[in-house]
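Welcome! Have the sequence and the 3D view open as you go.

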Amino acid sequence: MSAMDDVLNPPGGAEAHPEPVAQAEPVEGTLHTLLIPFGAGMAVNLLSLGIASPYAMMAIGLLIALVAMFVWADRPYSWVVFVAVSAGNPANYGTPISLNLYSASLFFVLTRGGGWKSLPKMVKLALFFVLLSMVVSVLASLSADLAVPSIHTTDVSRPRPWMVTWSGGATLETMSSQLVSITNYLLGPFLFIPLIFSRIKGDHSPELLVKGLLFALILPTVFLFMVSRSFGQPIMDATSVTEGMLNVTAFRLGKIDVQMLRTQVGIPLAALICASFALAVSPLPRWTRLVATGCLVTAGYILLVTGSVGSTLASLAGITVILSLSLRHFSIKRYVVLLVVGGGLALTTLAILPQNIQRYATSRYELRVGKNSSSTADRAWRWKKAFNYLTENPSGVGWSIYVEPLGTYPHNDYLTYGIAFGMVCGLVYLLYPSSMLFSFFTFAFFHRKPMNASRLALALAGAGVSTAIFINSMSDHLTANRWYFNLAWSLIWYCYFASRASSDPLDIKAMLSRELPFAWKERAAHAEPGHRRHRL
């Protein structure tokens, strides 16, 4: 990334010059900029289905990441699209490090920290605190007694030290496991994933960036989910049998098991529903809204079949945020029509669902939040036990979503981060999605009207996804599946940078006038705006 790129396109530069809301128009160069890297990324995703060894896929992914870095060296957005598609690669579930993070780390190393200046201050501050918390956790473990309790103990007073097995000695496997976890769950959301999408600049129109969200992040995973359920071989377990094979926990697609366990797949489905809904209701080209609606219906159906009540409520919360923000930008007439048509379609869809699915969804709701529910205390019991363990070991004991001394999963990502890397890290991870939600909310709500339709759609999608992840991470484990973890955070950061990318010539010249010699300032002063104003 050149210094000129940083001058031309600093993050958030467009906020001072809001663009008019307008119907999106076709963009030249879509084939080379978007469709070719999308096709290449999907080819890699499908190729991974035939490779059984995660380490073989890791080596292939590293090679592909290196090739992509040079092929699209002068086309940063094409590289972004390719890497975004790889975030939805099913092999990410088994590979030690997710394939999109290879691309990000290569970019960071080969460009000697390129893109670091483009990251928001919030990211840099969060990264500093989580790494500091992790270092304190490691140092605290060095003074810990290596004699650890039995794996069957319920004594929580003595933690499991970092990189130490339950038999009492450090092994290469446990050390590498912790390093891999740090890369995926600390450097991933706090550095590498934001770094990928910081390369989205204002040299592409917002309309193209909306297509990128749809093709690079939403469509690949929805497609693989639907193919898995339609053509994959269901893996039988006791839960699937008792639930009439409606909620199958995994499907074998090629040589990879696509996980459909409700506590894993629920959060990414809620995020995909919110992102698709934002595009479907925004004033975008008809085909974009139709494709987004198809993804919305598909993701909603799969979520309904999994029976994840928490993820359903999280997606409804995200949709509520989207509708609340859109009220400021949509006309009353459009808003009323949207509510009537959307509500009618939802009721019609529920009415035509097969009876067995309706009964199953109703039973899941009654089990969790119904009048005679007996399962609502399940999460509260886990949270209390995990929180007590965290307060007794505030420095953290190393990464593991299954807390062995407790004999359970916390079912709360914020507690998981605190138990792993320290209480400070858990608090930062709690503030992270909530800060992103606040950022999207203020950007969309206080943006001076009129606002470009595509940028509005991206901001609404980001607000909805942030809401779903923030709420759903309280009751489930997004960290249980690296495919879904990377997809969810990629959706957030793509929407963040794409909604703020400037394509307004006035913005670019204004930036130049602050940084470049007097001649550029004089040319910028005579620039003429080229936008037509439209009403919704």
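Buried means under 20% relative accessible area, exposed means over 50%, and partly exposed lies in between, using a 1.4 Å probe and protein chains only. The model is predicted, with local features needing pLDDT of at least 70 and side-chain atom pairs pLDDT 80 or more, while totals for chains, interfaces and linings use all residues. Residues are numbered from 1 along each chain as its sequence is written, and side-chain values use heavy atoms, leaving out hydrogens and water.

**Exercise 1. Get an overview of the protein.**

Step one: of the 536 residues of the protein, 54% count as buried.
Step two: the protein has 21 helices and three strands. Helices (H or I, at least four residues) and strands (E, at least two) are DSSP runs numbered from the N terminus.
Step three: take contacts, meaning heavy atoms within 4.5 Å. Among those between residues at least 6 apart in sequence, 78% join residues at least 24 apart.

**Exercise 2. Decide whether S103, L224 and P234 are buried, exposed or partly exposed.**

Step one: S103 sits in helix α5 (residues 99–110). Its relative accessibility is 3%, so S103 is buried. Leaving aside neighbours within four places in sequence, S103 contacts A65, W79 and V83.
Step two: L224 belongs to helix α8 (residues 206–231). With 1% relative accessibility, L224 is buried too. Not counting residues up to four places away in sequence, L224 touches L46, G88, P90, L253 and W483. The C-alpha atoms of L224 and N45 are 9.3 Å apart, although 179 residues separate the two along the chain.
Step three: P234 is part of strand β1 (residues 233–234). Its relative accessible area is 34%, so P234 is partly exposed. The C-alpha atoms of P234 and A250, 16 residues apart along the chain, are separated by 6.2 Å.

**Exercise 3. Explain why helix α16 is described as largely enclosed.**

Step one: α16 covers residues 413–421, and nine of its nine residues are buried, so the rest of the structure largely encloses it.
Step two: look at the buried residues, including Y414, T416, I419 and F421.
Step three: inspect the ends. At the start of α16, a side-chain oxygen of N412 comes to within 2.9 Å of the backbone nitrogen of Y414. After α16 comes G422, with a positive phi near 110°.

**Exercise 4. Describe how α10 packs with α19, and α17 with α18.**

Step one: two packed helices are described by the angle between their axes and the distance between the axes. Axes are lines fitted to C-alpha atoms, for helices over the stretch in contact, with angles from 0 to 180 degrees between N-to-C directions. Angles under 35 degrees count as roughly parallel, over 145 as roughly antiparallel, 65 to 115 as roughly perpendicular, and the rest as oblique.
Step two: the axes of α10 (residues 262–281) and α19 (residues 482–500) come within 9 Å and cross at roughly 25°. These two helices are therefore roughly parallel. Their contact involves Q264, V265, P268, A271, L272 and A275 of α10 together with Y484, L487 and L491 of α19.
Step three: the axes of α17 (residues 423–445) and α18 (residues 453–472) come within 9 Å and cross at roughly 150°. This pair is therefore roughly antiparallel. Among the residues that meet are L430, M436 and F440 in α17, and R455, G462 and F470 in α18.

Note on methods:
Polar contact = N/O pair within 3.5 Å; in protein donor to acceptor, adjacent residues only side chain to side chain.
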